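This report looks at how the parts of one protein chain pack together. Please keep the sequence and the structure in view while reading.

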Amino acid sequence: MTDPLTGARRILFVHAHPDDETLATGALIAHLVGQGVECVLLTATRGEQGEVRPGTFTGPAEDFPAHRERELAGALTALGVTEQLWLGEPPALAPGRKPHRYSDSGMRWVAEGVAGPAEVTGPDALSTVDQDQPLADLVAAVEHVRPDLVISYDDAGGYGHPDHVALHHLCARAAERTGVRLAEVVTPGTEGATVLDLSAELPTVTAALHQHASQVQVDGTEVVHVGGQREPILLRTAVRAC
């Protein structure tokens, strides 16, 4: 079994929405930063379709994306990440294209803990646009960052969110095109995965989660999502080379 983190000194994390970086890989990012590894984050959308916890955002809907940008900036400060890119904006922009935004595709629950596509998506939704467009922007980001390793979702997108699934496939294609190594976040116990116990990073991850107050609430060692779902803060992280 090969540890995909071995020898990686500059890692590009690719996530779909603000808060995904902390919920799925916050402990891993904090651990790697503490080890002197440069961690860069690429975020694909502003998470415009996310529900809002009562009392955490009271402005007009058109201001919500900017609010989530600020939440993300606060979380990255807590995690120690100093470089963050938006897909579709320089330098994560294909040559010759004008800057543009990909929007959150939204989702609906199709089974307990499993998400599926929303009934309606916007014209710029990440999961439904011509996938050659975000691929070209992602390749530009990889060529700019020049990471030793890219880390993103598994083929199920973690829990099935269509934007997560889309990014899994986009990262696989970008890795093939650029030759960069790719790893996916999987569940502990997955064959071939490297599992890290990152319990020591709980204070850092908790601080980062507090920054995403519109989406989650921290209750001890658990995170409570806007829909009321509870889950432990992810401190045992598994990654597998693709």
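This is a predicted model: local features need pLDDT of at least 70, side-chain atom pairs count only at pLDDT 80 or more; totals for chains, interfaces and linings use all residues.

## Helix α6 and its two partners

Two packed helices are described by the angle between their axes and the distance between the axes. Helix α1 spans residues 20–34 and helix α6 spans residues 202–211; their axes come within 9 Å and cross at roughly 140 degrees. Because of that angle, α1 counts as oblique to α6. The crossing of α1 past α6 is right-handed. On the α1 side the contact involves T22, L23, G26, A27 and A30, and on the α6 side T204, V205, A208 and L209. Sorted by class, six residues of this contact are nonpolar, three are polar and none is charged.

Helix α6 also packs against α2. The axes of α2 and α6 come within 7 Å, with a crossing angle of roughly 170 degrees. An angle over 145 degrees counts as roughly antiparallel, so α2 is roughly antiparallel to α6. From α2 the contact takes E71, G74, A75, A78 and L79, and from α6 it takes T204, A207, A208 and Q211. Five of the residues in the contact of α2 with α6 are nonpolar, three are polar and one is charged. T204 and A208 are listed in the contact with α1 and again in the contact with α2.

## Helices α3 and α5

Helix α5 covers residues 162–178 and packs on α3 at an angle of about 55 degrees, the axes being 9 Å apart. With that angle, α3 is therefore oblique to α5. Their crossing is right-handed.

The α3 residues in this contact are D132, P134, L135, L138, V139, V142 and E143, while α5 brings L170, C171, R173, A174, R177 and T178. By class there are eight nonpolar residues, one polar residue and four charged residues in the contact of α3 with α5.

In soluble globular proteins, nonpolar side chains tend to be buried together. The largest nonpolar core here has 33 residues, and those touching the most other members are L5, I11, F13, L28 and I151. At least two residues of this core come from each of β1 (10–15), α1, β2 (38–43), α2 (64–79), β6 (149–153), β7 (181–186), α6 and β9 (216–219). Helix α1 gives the largest share, five residues.

Which residues does L5 touch, not counting residues up to four places away in sequence? L5 touches I11, L28, L149, I151, L196 and V239. There is also a second, separate core of 27 residues, and L87, V150, Y153 and C171 are included in it.

T25 is a residue of helix α1. Its relative accessible area is 1%, so T25 is buried. Beyond its neighbours within four places in sequence, T25 is in contact with F13, H15, D20 and V185. T25 and I151 are 126 residues apart along the chain, but their C-alpha atoms are separated by 9.3 Å.

L202 belongs to helix α6. Is L202 buried or partly exposed? Buried means under 20% relative accessible area; L202 has 23% relative accessibility and so counts as partly exposed. Apart from neighbours within four places in sequence, its contacts are T221, I233 and L235. L202 and L234 lie 32 residues apart in sequence, and the C-alpha to C-alpha distance between L202 and L234 is 8.8 Å.

## Backbone details in the loops

Most residues other than glycine have a negative phi, and most peptide bonds are trans. D19 is not a glycine, yet its phi is positive, about 100 degrees. D19 sits in the loop between β1 and α1. With 8% relative accessibility, D19 counts as buried.

R146 also has a positive phi, near 55 degrees, in a residue other than glycine. R146 is in the loop between α3 and β6. R146 has a relative accessible area of 66% and is therefore exposed. As for peptide bonds, the one from P90 to P91 is cis, with omega near 5 degrees. P91 lies in the loop between β3 (83–86) and β4 (108–111).

Terms used
Residues are numbered from 1 along each chain as its sequence is written. Side-chain values use heavy atoms; hydrogens and water are left out. Axes are lines fitted to C-alpha atoms, for helices over the stretch in contact, and angles run from 0 to 180 degrees between N-to-C directions. Helices (H or I, at least four residues) and strands (E, at least two) are DSSP runs, numbered from the N terminus. Angles under 35 degrees count as roughly parallel, over 145 as roughly antiparallel, 65 to 115 as roughly perpendicular and the rest as oblique. A crossing is left-handed if the near helix is turned anticlockwise from the far one by less than a right angle, and right-handed if clockwise. Contact means heavy atoms within 4.5 Å. Ala, Val, Leu, Ile, Met, Phe, Trp, Tyr, Cys and Pro count as nonpolar, Asp, Glu, Lys and Arg as charged, and the others, Gly among them, as polar. A nonpolar core is a set of buried Ala, Val, Leu, Ile, Met, Phe, Trp, Tyr and Cys residues joined through side-chain atoms within 4.5 Å. Buried means under 20% relative accessible area, exposed over 50%, partly exposed in between (1.4 Å probe, protein chains only).
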